[in-house]
Amino acid sequence: MYQSFSKRQMLALTWWNRPVLQRYDGIICDGAIRSGKTLSMVTGFFLWSMVSFQDCAFALCGRTVGALRRNIVDHLHTWLGDTVDIRESRSENRLTVTDGAGRRNTYYLFGGQDESSYKLIQGITLAGVLLDEAALMPRSFVEQACARCSVAGSKLWFNCNPEGPEHWLYKEWIQKAREKNLLHLHFTMADNPALDPAIRKRYEAMYTGVFYRRYILGQWCMAEGLVYDFQRSKHIANALPEYGRYYISVDYGTCNPFSAGLWCVTGEKAVRIREFYHSGRDSGRQYTDEEYYTALEKLAGGLPIETVVVDPSAASFIATIRAHGKFSVRKARNEVLNGIRLVATYLQEGVLQFAPECKDTLREFSLYRWEENGETDRVCKENDHAMDDIRYFCATVLRRQLRRKSEENE
Ligand SMILES: Nc1ncnc2c1ncn2[C@@H]1O[C@H](COP(=O)(O)OP(=O)(O)O)[C@@H](O)[C@H]1O
Ligand SMILES: [Mg+2]
């Protein structure tokens with residue numbers, strides 16, 4: 001086990017065994033990413049459950065079982081040390097933990113976002129549940145998991161990074177922690193004694209706006225105003241690259257605008273060198289798929305295009321491109337919020353740049369905004385066409401390219 005924990009980590013580890021705090025029925029840790037919430041809480045959860053129970057069942061829940069394995073299960077040996085023996089039955093998503101005194105408990109692995117987990121957890125009787133990144137799980141799953149804790153002395157262990165202030169977890173659990181008899185601990189990066197200052201700087205430099213306030217400052221704040229922090233001085237390319245790998249990304253529309261961007265990727269940078277944008281409504285003329293295809297070829301301008309990434313719902317246009325047999329086509333990854341976060345990070349890091357001719361992109365950057373009332377983050381569905389094709393490009397092509405590069409460097 002680790003020798004040095006911060007004060008707050010010690011609380012997350014040992015609250016269940018302290019005179020004033022042990023009366024709580026559970027603990028919620030929220031706050032900044034990389035602040036040591038998961039490590040300290042999971043270690044505390046296993047200590048508590050092994051000291052307090054014998055032959056009982058517990059639930060260990062992550063966003064998905066895969067995420068749970070990567071973030072927690074694979075590290076348990078390091079975190080818990082040699083004092084316990086951990087056996088994993090992969091096929092049954094179950095851990096059996098035995099300590100030196102011969103005590104044994106079972107820990108079932110669940111993924112809040114895995115459909116099957118919801119059904120499985122319904123039938124089980126638990127002495128405790130740990131929810132890692134609980135804000136990313138469906139509310140019904142969290143409530144079901146808590147409802148299964150019927151063994152006397154059972155406790156709930158939650159941790160999460162902040163989302164919007166209207167999020168159910170914030171309103172129903174964090175703000176009501178006292179009335180639900182839960183201990184609430186708020187973490188900042190300073191609570192992780194192992195976080196190297198250089199790594200901390202790197203994380204701080206990755207995020208801007210709402211994501212900075214949530215993930216770095218740990219605030220439950222609303223996504224408001226413009227989605228992206230676009231700065232002409234930083235994001236307009238002074239000179240265009242002369243060669244590189246070329247890609248095109250497409251957001252398809254017939255009445256709504258159609259937007260396509262031509263990208264050149266060199267090293268760690270991607271420059272949008274030109275674009276094609278057509279609004280059927282504004283121009284009073286709707287294009288057919290064939291006409292759009294002609295525009296696509298013109299945009300490519302004879303350059304060797306590696307892939308055309310297309311709006312996954314544009315089945316007819318995808319078929320048209322395939323029928324011409326010239327470009328390789330890929331359906332874009334379309335997880336909106338993850339994609340927006342990725343684009344925001346690339347903008348912040350200076351990875352994305354734009355030729356000054358990309359007028360419709362520049363216009364949309366100055367208009368694309370968050371919808372400001374709602375329980376979850378949502379973007380206004382207008383002025384989002386170039387914004388969508390940029391997101392498709394980043395989530396589908398650039399993410400892989402940059403990851404592959406950093407893997408080569410390691
Ligand atoms: N007291 C500690 N000693 C050593 N490493 C730590 C300590 N606390 C956290 N870490 C490491 O720091 C990183 C971030 O911790 P983690 O618990 O995953 O943060 P969070 O859940 O808040 O994002 C992990 O690699 C974790 O193993
Ligand atoms: Mg964590």
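**Labels and their grounds**

Reader: Why is Ile216 called buried?
Author: This is a predicted model, and the label follows from a count. Ile216 has 21 C-beta neighbours inside 10 Å. The cut-off for buried is 20 or more, so Ile216 counts as buried.

Reader: Where does Ile216 lie, and what is it in contact with?
Author: Ile216 lies in helix α9, residues 209-216. Neighbours within four places in sequence aside, its contacts are Ala32, Tyr203, Glu204 and Tyr207. Contact requires C-beta atoms within 7 Å.

Reader: What makes Phe317 buried?
Author: Again, a count. Phe317 has 23 C-beta neighbours inside 10 Å. The threshold is 20 or more, so Phe317 is buried. Its place is in helix α13, residues 315-324.

Reader: Which residues are in contact with Phe317, leaving aside neighbours within four places in sequence?
Author: They are Tyr252, Asp289, Tyr292 and Val310. Tyr252 is 65 residues away in sequence, yet the C-alpha atoms are 7.9 Å apart. For Ile216 and Asp282, the sequence gap is 66 residues and the C-alpha separation is 42 Å.

Reader: What makes β13 and β14 edge strands?
Author: The sheet is open and has six strands, in the order β13-β12-β9-β10-β11-β14, with mixed pairing. β13 (329-331) and β14 (352-354) each pair on one side only. From one strand to the next, the twist averages 25°.

Reader: How do you know that β11 and β14 pair?
Author: Pairing needs at least two bridges. Strand β11, residues 269-278, has three bridges with β14, so the two pair, and in the parallel sense. Val271 stands opposite Gln353 in β14.

Reader: Which helices pack on the sheet?
Author: Helix α12, residues 289-300, touches β9 (245-251), β10 (258-266), β11 and β12 (305-310). Its direction makes about 25° with that of β10. Helix α13 also packs on the sheet, touching β12 and β13. The direction of α13 makes about 160° with that of β13.

Reader: How do you know that β3 and β4 pair?
Author: Six bridges join β3 (residues 84-89) to β4 (residues 94-99). At least two are required, so the strands pair. They run antiparallel. The bridge partner of Ile86 in β4 is Val97.

Reader: What phi does Asn93 take in the hairpin of β3 and β4?
Author: Asn93 takes a positive phi near 50°. The hairpin has four residues between the strands.

Note on methods. Residues numbered from 1 in each chain as written. Chains lettered and ligands numbered in written order. Predicted model: local features only at pLDDT ≥ 70, side-chain atom pairs only at ≥ 80, totals over all residues. Buried ≥ 20, exposed ≤ 12 C-beta atoms within 10 Å, placed from the backbone. Contact = placed C-beta atoms within 7 Å. Axes fitted to C-alpha atoms, helices over the stretch in contact; angles between N-to-C directions.
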